[in-house]
Amino acid sequence: MLTAIFDGSLDGFLSVVYSCYYDKRPYDYVYEDGVYQQQLDSDYFYVPTEPARSVRVMEAIGKRVSQDAQTNVCYCCLANDKERFTSLLRYVRLGFKAGAAADNYLQDPHVLKVHKLVQYVLREAHLLTGFCRFKETKSGVYYASISPVNNALPILAEHFRERLMNQPWVIHDTARGIAAVYDCNDYRIDPVKNSPHVDCSDDEARFQELWRAFFDSVAIKERLNKDLQRNLIPLRFRKHVTEFQNNSPAFITQAPRL
Amino acid sequence: MYHYAESVNRVDQMEKLKILSAAAKYDVACTSSGVDRNATRGSLGSASACGICHTFAADGRCVSLLKILLTNVCVYDCRYCANRRSNDIPRAVFTPREIAELTINFYKRNYIEGLFLSSSVIRDANHTMEQIYETLKLLRGVYKFNGYIHIKAIPGADEGLIRAAGFLADRMSVNIELPSEESLNRLAPDKTKESILKPMSLLKKGIVQSREEVALFHSAPSFVPAGQSTQMIVGASPESDKKIIDLTESLYKRYSLKRVFFSAYTPVSDNPLLPSVKPPLLREHRLYQADWLLRFYGFSADEILKNPDENLSLNLDPKCHWALNNLNMFPVEINTADTRTLLRVPGIGARSAERILSARRVGSLTFENLKKLGIVLKRARYFITCQGKMYERISMDPEILEMKLTENKLGGAYKQLSLFDEPALLAEGASEG
Ligand code: SF4
């Protein structure tokens with residue numbers, strides 16, 4: 001058995017694909033460094049990330065498999081599933097054999113898995129394009145925090161780069177300790193260690209209150225359906241969402257100043 | 001009505017927002033989908049064709065737009081409406097600037113996808129429409145707001161005014177209100193069928209004309225690019241579901257509407273002309289399912305229901321109901337059926353059909369394969385074969401099948417249906433309440 005270990009990034013994964021063909025090592029398993037358990041019957045190879053190689057692999061996937069396969073690879077890497085890279089390598093290898101038809105092989109557990117993970121990543125990111133809430137800070141930067149299951153930040157950053165093009169913003173993934181910082185020109189995603197100090201603008205509390213009032217008053221009480229609500233906006237999202245946050249004055253003054 | 005305007009001006013902003021959002025909540029059209037518009041430098045926002053839900057209210061309905069009335073002060077007295085002149089309730093009026101500021105500040109915080117501005121008729125139709133138009137001018141012109149805007153065209157307002165507003169809005173709607181002229185006369189004495197249909201055909205003309213112009217000259221301004229929609233109240237008047245579905249079909253055909261929305265009547269008055277029951281939610285849900293069949297599954301109104309006074313079954317969704325009445329078309333062989341036929345199988349939605357079509361290109365499918373593809377067989381299994389085999393031995397008898405299809409529901413039908421049954425429907429239903 002052959003196992004590839006790499007840094008977990010997209011470029012890293014593409015370097016694994018490169019190594020699979022050029023080092024003639026048809027890896028049975030692929031894991032991100034630090035999230036695997038050593039097995040006795042497997043040989044381990046650490047594959048370094050080499051952007052020049054990853055570009056070539058990405059091009060090859062586009063040409064010899066399909067553009068859909070390219071996007072599937074990108075999104076699947078963002079999923080939160082330890083086995084995703086193993087399935088993804090099988091998927092890519094099938095693609096190099098079967099071409100664009102690879103996506104039809106849904107009976108293949110790896111293809112199906114890749115498709116399901118991609119859908120999950122996209123679904124969660126789509127939900128967050130709606131649920132992500134910004135606060136206006138004193139400095140004029142808009143700050144939002146999220147903690148998604150999958151790494152939705154790169155997708156969200158692309159979305160808000162368009163949508164909130166003329167205001168500087170920060171989206172902070174508190175679960176992964178990374179943040180996208182946008183300066184009205186471009187954004188970068190970097191690790192952040194400490195939770196940043198967010199000083200809200202003078203208007204912020206007023207608009208939060210107005211929004212909560214709106215939110216409460218649009219519900220039709222004859223149609224109350226909290227179960228449905230919980231299914232549509234699951235609890236795990238709510239701690240970051242303004243209208244579900246506690247708004248008693250005591251809470252505001254005591255809350256850590258984000 | 002001026003005495004209202006005097007006192008309402010003193011209401012503070014929070015109070016206004018509460019009054020005017022509560023007053024707008026029965027309006028169901030909440031979709032923000034239908035246009036894709038990229039952001040441009042110097043303007044705020046974009047519109048996304050797939051529609052984004054920003055939150056879900058305690059009744060489980062999607063909130064994507066700041067849905068408010070300009071005012072709930074009304075010169076009319078429609079019986080089914082809480083804002084009717086004769087009702088004694090708190091009143092308020094927003095200024096165009098207040099609405100614009102709320103919209104912008106909510107949008108920048110990503111609370112909303114845009115604005116849905118409706119209104120009662122204050123002073124007269126023209127004055128009301130002017131205020132709406134003012135709001136749009138501020139938002140688009142001064143604040144450079146590029147997000148989604150849906151407004152109501154006020155029946156009776158000047159054509160020119162409605163047209164001018166249409167060039168600034170993404171979607172406009174005129175509510176048909178009730179499913180028949182008799183009901184309209186009885187419950188909305190100030191409105192006539194003509195007064196509602198006139199702005200509707202005006203919008204249709206504008207949309208068609210603008211599409212042609214935009215096709216010729218890309219820079220031509222587009223008029224109501226996300227199309228027009230309408231809404232009718234269900235359960236306030238005695239029309240059958242068949243009548244409602246026929247009307248819906250003809251609205252799609254005659255006025256090229258994008259959407260017809262249904263709103264289960266919630267009692268707002270003890271007028272003896274109106275029922276005082278709970279809102280018929282399951283019925284509303286079935287109508288949306290039927291509407292879905294009309295728009296995406298190639299069904300005609302006559303296929304969905306035959307007799308003029310027939311209603312949709314509350315136990316079975318409309319597709320199952322249709323299938324049981326057309327058992328001669330089943331079972332369908334999964335490996336050979338065309339798309340249209342697949343889509344007519346109960347329990348198989350657009351996404352499942354797509355998966356089946358894709359997977360069977362590289363191999364013949366069995367029931368095991370279908371399960372692996374994530375196709376829910378709960379209902380579909382009675383109507384399909386895989387490689388000529390049925391899932392289980394069962395006679396194609398409508399009564400037996402109906403029993404099978406309705407067991408385990410135990411009255412939780414609405415909940416189940418609205419959550420998991422049809423992913424496509426969920427996506428749409430979720431963004432529209
Ligand atoms: S015109 Fe509209 S707001 Fe006024 S009473 Fe009739 S339905 Fe209500």
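## Terms and model

A residue counts as buried under 20% relative accessible area, as exposed over 50%, and as partly exposed in between. Lys371(B), at 39% relative accessibility, therefore counts as partly exposed. The model is predicted. This report covers ring pairs, charges over rings, and salt bridges.

## Aromatic pairs

Over all chains, the search of the whole structure finds 26 aromatic pairs. One of them joins Trp211(A) and Phe214(A). Their ring centres are 5.5 Å apart, and their planes meet at 25°. Planes under 30 degrees apart count as stacked, so this pair is stacked. Both residues lie in helix α7 of chain A, which spans residues 204-218. They are three residues apart, about one turn of the helix. Trp211(A) is buried, at 0% relative accessibility. Phe214(A) is buried too, with a relative accessible area of 1%.

In chain B, Phe167(B) pairs with Phe223(B). The ring centres lie 5.1 Å apart, with the planes at 70°. Angles over 60 degrees count as edge-to-face, so that is the class of this pair. The two residues link distant parts of the chain, 56 residues apart. Phe167(B) sits in the loop between α5 (159-166) and β6 (171-173) of chain B. Phe223(B) sits in the loop between α7 (193-216) and β7 (228-234) of chain B. Phe167(B) is partly exposed, at 29% relative accessibility. Phe223(B) is buried, with a relative accessible area of 3%.

Arg25(A) lies over the face of Phe45(A), 4.0 Å from the ring centre. Arg238(A) has its charged end over the ring of Phe244(A), at 4.4 Å from the centre.

## A salt bridge between chains

The bridge belongs to a network of salt bridges that links Glu136(A), Glu204(A) and Arg109(B).

## Salt bridges within chain B

Lys16(B) and Glu98(B) form a salt bridge through their side chains, at 2.9 Å from N to O. This pair links distant parts of the chain, 82 residues apart. Lys16(B) lies in helix α2 (residues 13-22) of chain B, and Glu98(B) lies in helix α3 of chain B. Lys16(B) is buried, at 4% relative accessibility. Glu98(B) has a relative accessible area of 18%. The limit for buried is under 20%, so Glu98(B) is buried.

A further bridge joins the side chains of Lys371(B) and Glu368(B), at 3.9 Å from N to O. These residues are three apart in helix α14 (residues 367-372) of chain B, so about one helical turn separates them. Lys371(B) is partly exposed, at 39%. Glu368(B) is partly exposed as well, at 47% relative accessibility.

Note on methods
Residues numbered from 1 in each chain as written. Chains lettered and ligands numbered in written order. Predicted model: local features only at pLDDT ≥ 70, side-chain atom pairs only at ≥ 80, totals over all residues. Heavy atoms only, no water. Phe/Tyr/Trp six-rings, centres within 6.5 Å; stacked < 30°, edge-to-face > 60°. Helix = DSSP H or I, 4+ residues; strand = E, 2+ residues; numbered from the N terminus. Buried < 20%, exposed > 50% of the residue type's maximum accessible area, 1.4 Å probe, protein only. Lys NZ or Arg CZ within 6 Å of the ring centre and 35° of its normal. Salt bridge = Lys/Arg side-chain N within 4 Å of Asp/Glu carboxyl O.
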